[in-house]
Amino acid sequence: MKLHAPILMYHHVGDPPPGSTNPALYVPEKKFAGQMEMMAAGGWSTMGLGELAGILSGRAHRSRRRFVVTFDDGFADGLSAAAPILERHGFAATFFVCSGAAGRKIAWERSKETVPCPTLAWKQMRELAARGHSIGGHTRSHVRLGDLSPDRVREEIVSDKRAIEENLGAGIDSFCYPYGDYSPEAAAAAREAGYLAAVSNRRGNRHEPQDLYCLRRITVFRSLGAARLNLRLGLLYHVEHALRGD
Ligand SMILES: [Zn+2]
């Protein structure tokens, strides 16, 4: 049986910076707070991807109404804006960071957003971890893995994991493909690196054991309303995207 466990994908909590070329990535604080309130009121609680992997592979028991909150790119507003809102409800999230960009202001080369934004410094990542959140890998330099040779793919994934673990002083167990660029080769590299699970940009909220390295997520953009989020949390979400053909 498939495991129903929505994995929400966010990038930023807050307002877009002046001149933003991709404001969709910025979910206003009030809206994010409302979404987390809705989850808490609905009886949902968070889990990490390591735990989800344990359930999917039969090592842990499943329980109802568990969801995962993920933030791509490790922007600094994850600590300043998102974490306090999550913690009001006892929720914890996973922040996917690029070790090569830690503590810098960045705009990814191939992203639609061209305004550089500050990312979490190592100290801030350690603080998030100390507060119960998880850090995950997102490659060293936010590359599109499909463009790289198998050796470079392994290098981007393995050296990133090592750098994060050294700086955190702890192991990490989950990975996120930049640009959602999943491939069987990249999945094999993530598995060999020692990750227990990896998330993609495929849509959906149900998972099977063979999806461990290309887990489906629900993208939360600025414009997503409560009714539509609710629909995506439910078991009908696969019907919505089946009808749209994606
Ligand atoms: Zn990314």
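**How H1 meets H3**

In which kind of crossing does H1 pass H3? The crossing is right-handed. Keep in mind as you look around that this is a predicted model.

The two partners are helix H1, residues 29–41, and helix H3, residues 77–88. Their axes lie 10 Å apart and pack at an angle of about 25°. Angles under 35 degrees count as roughly parallel, so that is how H1 and H3 run relative to each other. On the H1 side, the contact is made by Glu-29, Phe-32, Ala-33 and Met-36, and H3 brings Ala-81, Ala-82, Ile-85 and Leu-86. Sorted by class, this contact of H1 with H3 has seven nonpolar residues, one charged residue and no polar ones.

**The two sides of H4**

Next, have a look at helix H4, which spans residues 122–130. Which residues of H4 are buried? They are Gln-124, Met-125 and Leu-128. Viewed down the axis of H4, these buried residues fall within an arc of 100°, so they line one face of the helix.

The buried residues of H4 pack against several neighbours, namely H3, strand E7 (93–97), strand E10 (134–137) and helix H5 (150–168). Turn to the other side of H4 and you will find Lys-123 and Ala-130, which are exposed. Just after the helix comes Gly-132, with a positive phi of about 100°.

**H5 against H6**

H5 also takes part in a helix pair, this time with helix H6, residues 184–193. The axes of H5 and H6 come within 9 Å and cross at roughly 35°. H5 passes H6 in a right-handed crossing.

From H5, the residues making this contact are Pro-150, Val-153, Arg-154, Ile-157, Val-158 and Lys-161. H6 answers with Glu-185, Ala-186, Ala-189, Ala-190 and Ala-193. Of the residues in the contact of H5 with H6, eight are nonpolar and three are charged, while none is polar.

**A loop residue, Ser-57**

Finally, find Ser-57 in the loop between helix H2 (49–56) and strand E6 (66–72). Is Ser-57 buried or exposed? With 12 other C-beta atoms within 10 Å, Ser-57 is exposed, because a residue counts as exposed at 12 or fewer.

How many residues apart in sequence are Ser-57 and Tyr-195? They are 138 residues apart along the chain, and 14 Å apart in space, C-alpha to C-alpha.

How values were computed
Residues are numbered from 1 along each chain as its sequence is written. This is a predicted model: local features need pLDDT of at least 70, side-chain atom pairs count only at pLDDT 80 or more; totals for chains, interfaces and linings use all residues. Axes are lines fitted to C-alpha atoms, for helices over the stretch in contact, and angles run from 0 to 180 degrees between N-to-C directions. Helices (H or I, at least four residues) and strands (E, at least two) are DSSP runs, numbered from the N terminus. Angles under 35 degrees count as roughly parallel, over 145 as roughly antiparallel, 65 to 115 as roughly perpendicular and the rest as oblique. A crossing is left-handed if the near helix is turned anticlockwise from the far one by less than a right angle, and right-handed if clockwise. Two residues are in contact if their C-beta atoms, placed from the backbone, lie within 7 Å. Ala, Val, Leu, Ile, Met, Phe, Trp, Tyr, Cys and Pro count as nonpolar, Asp, Glu, Lys and Arg as charged, and the others, Gly among them, as polar. A residue is buried if 20 or more other C-beta atoms lie within 10 Å of its own, exposed if 12 or fewer, and partly exposed in between; C-beta atoms are placed from the backbone. The arc is that of the directions from the helix axis to the C-beta atoms.
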